[in-house]
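Welcome! Here is a short tour of one protein model, with a look at its surface and its backbone.

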Amino acid sequence: MIVTILIVLAALVLVVQACIGLGFFISCMWEKEKRATLFAGLQCFGMLCVLIAFLYLVRIDFFETDTGLAILIIGFFLGAVVAFLFLRRTAPNKKALEGTKGLIVGDVRRFDERDQVFARNRTLRPGSEQYRAYYQEHPEHEAFDAKRRKKGGPIGDLGIIDRPHSAANASATLASLSMSLYLSTPEKVSPQAHVQLQGTQVNLSPEEATERVKGYARYLGADLVGITEINPLWLYSHRGEIFHENWEDWGKEIRLSHTYAVVCAEEMSFEMVGSAPHTPTTIESMKNYAKGAVIADQLAAFIANLGYSATANFLRHYDAMLVPLAVDAGLGECGRLGYVMTKEFGPRGRLSAVTTDLPLVVDKPIDIGVEDFCTICKKCAVCCPSRSIPLDDQQEINGTLRWKLHDETCFDYWGNIGTDCNICMRVCPWSHARALPHKLIMEIITRNKLARRLFNVMDDIFYGKKPQPKPTAPLWASFHSWEKR
Ligand code: SF4
Ligand code: SF4
């Protein structure tokens with residue numbers, strides 16, 4: 001009787017394993033990952049062979065013999081040990097559970113938006129008063145900025161990497177980019193209540209307000225929503241980005257009376273990012289910045305209509321740095337590449353936010369094992385063509401212990417290729433499409449240290465140490481000759 005139960009259990013385990021193997025094989029084909037498909041196929045074949053061999057042994061009553069029974073029991077014992085080692089929740093990273101507070105090791109100076117590479121490139125016009133004032137104070141940036149400016153705007157001469165077939169994709173990119181600009185006028189970013197509702201303040205408990213705000217954000221298209229109390233350290237100290245000729249704001253100290261930030265993350269399409277660094281990935285970036293702009297603007301208007309103050313933060317208006325806010329709002333942890341890594345789609349997301357004085361219930365920061373995984377992984381750093389992502393351990397940067405992306409070399413590379421690159425995002429093992437096998441893997445690696453080590457090696461085996469762009473972009477976003485498709 002006991003032998004029969006053990007045999008049935010073992011058969012079930014092997015069938016489930018083979019099904020997961022088959023699912024992984026199918027998902028690799030769907031991901032258009034040739035190498036992973038080959039290895040997944042071999043793995044699946046191996047699992048099927050084990051299952052067939054097991055069924056054969058059952059048929060010849062091998063497990064009724066003493067040797068067979070011993071093998072069965074040892075197999076179960078080893079299986080249980082392996083399952084315990086890889087599935088148990090290992091000790092949490094207490095630093096991660098503190099959010100960005102866990103990173104602080106010294107004095108943190110608020111970051112001046114004027115020092116950002118985008119603001120320098122976009123805003124400072126040679127010959128202008130701001131240009132003179134800035135480089136007088138920061139002569140160390142002038143030579144780099146002058147050279148970079150010649151390569152064109154933030155993404156350089158758009159689409160150079162895909163010439164001569166870049167025109168359609170450059171048009172789609174600019175179409176998405178335009179949306180954030182349209183939505184960034186001060187009256188839209190910090191809206192007043194609608195005339196019908198002015199003068200009223202809706203009385204909501206923090207719990208109800210949170211439910212309604214999060215629900216509306218999700219309804220508008222946010223894939224993830226979290227709320228945090230704003231740590232003033234993550235507010236920019238001074239305004240550096242000027243988009244509407246509002247030059248009087250340049251260099252103005254940023255003061256914010258809002259207590260809370262509602263942070264939203266929008267998932268970028270796996271198919272479009274798969275082509276990185278080619279133009280489809282930039283269409284996707286801009287589309288999600290546009291989506292973030294719509295969500296943040298409408299959410300801010302909703303809160304304003306409730307009778308509270310709110311400001312939308314998105315590609316064309318930031319009062320705060322959104323990555324630390326997202327970490328504190330429990331959306332994920334910051335990875336080696338400088339993006340927020342979420343359990344749901346890794347670094348393949350874009351952020352937007354609304355700051356407000358509407359009382360809300362905050363979320364807690366989370367530990368999903370990113371720091372541990374990134375310490376051993378380094379794939380983004382190895383694959384970064386401009387060597388902008390550090391290969392070494394976290395270092396103290398402005399009072400915080402973390403990995404720091406070298407923004408100038410990254411930005412310079414964008415100028416060379418005419419896209420926002422995103423190679424680091426594409427190659428990250430956390431970026432795989434969340435088909436069922438990858439969802440299972442994420443469940444395991446977010447809770448277990450040993451599994452992180454195993455799946456880090458497996459990712460290199462299945463996807464390669466330096467994965468290449470995939471032909472996943474849809475036909476309409478083709479960057480090859482149309483006739484050859
Ligand atoms: S976007 Fe490209 S250049 Fe910049 S850090 Fe990522 S891989 Fe490197
Ligand atoms: S590629 Fe590896 S090291 Fe880089 S962010 Fe992703 S998991 Fe971390």
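F84 sits in helix α3, where helices (H or I, at least four residues) and strands (E, at least two) are DSSP runs numbered from the N terminus. This is a predicted model, in which local features need pLDDT of at least 70, side-chain atom pairs count only at pLDDT 80 or more, and totals for chains, interfaces and linings use all residues. Residues are numbered from 1 along each chain as its sequence is written, and side-chain values use heavy atoms, leaving out hydrogens and water.

F84 counts as exposed because its relative accessibility is 53%; exposed means over 50% relative accessible area, buried under 20%, and partly exposed in between (1.4 Å probe, protein chains only). Together with I74, F77, L78, V81, L85 and L450, F84 forms a nonpolar patch on the surface, with about 660 Å² of accessible area in total. Helix α3 (residues 66-87) contributes the most to this patch, with six residues.

| Cis peptide bond | Omega |
|---|---|
| R163 to P164 | near 10° |
| A276 to P277 | near 20° |

P164 lies in the loop between α7 (139-149) and α8 (167-182), while P277 is in the loop between α11 (270-273) and α12 (279-305).

K378 is not a glycine, yet has a positive phi of about 70°. K378 belongs to the loop between α14 (370-377) and α15 (379-383), and is partly exposed, at 27% relative accessible area.

How values were computed:
Chains lettered and ligands numbered in written order. Patch = residues over 30% accessible without salt bridge, like charges linked within 9 Å, V, L, I, M, F, W, Y side chains within 5 Å. Areas by Shrake-Rupley, 256 points an atom, 1.4 Å probe, with all protein chains shown as cover. Salt bridge = Lys/Arg side-chain N within 4 Å of Asp/Glu carboxyl O.
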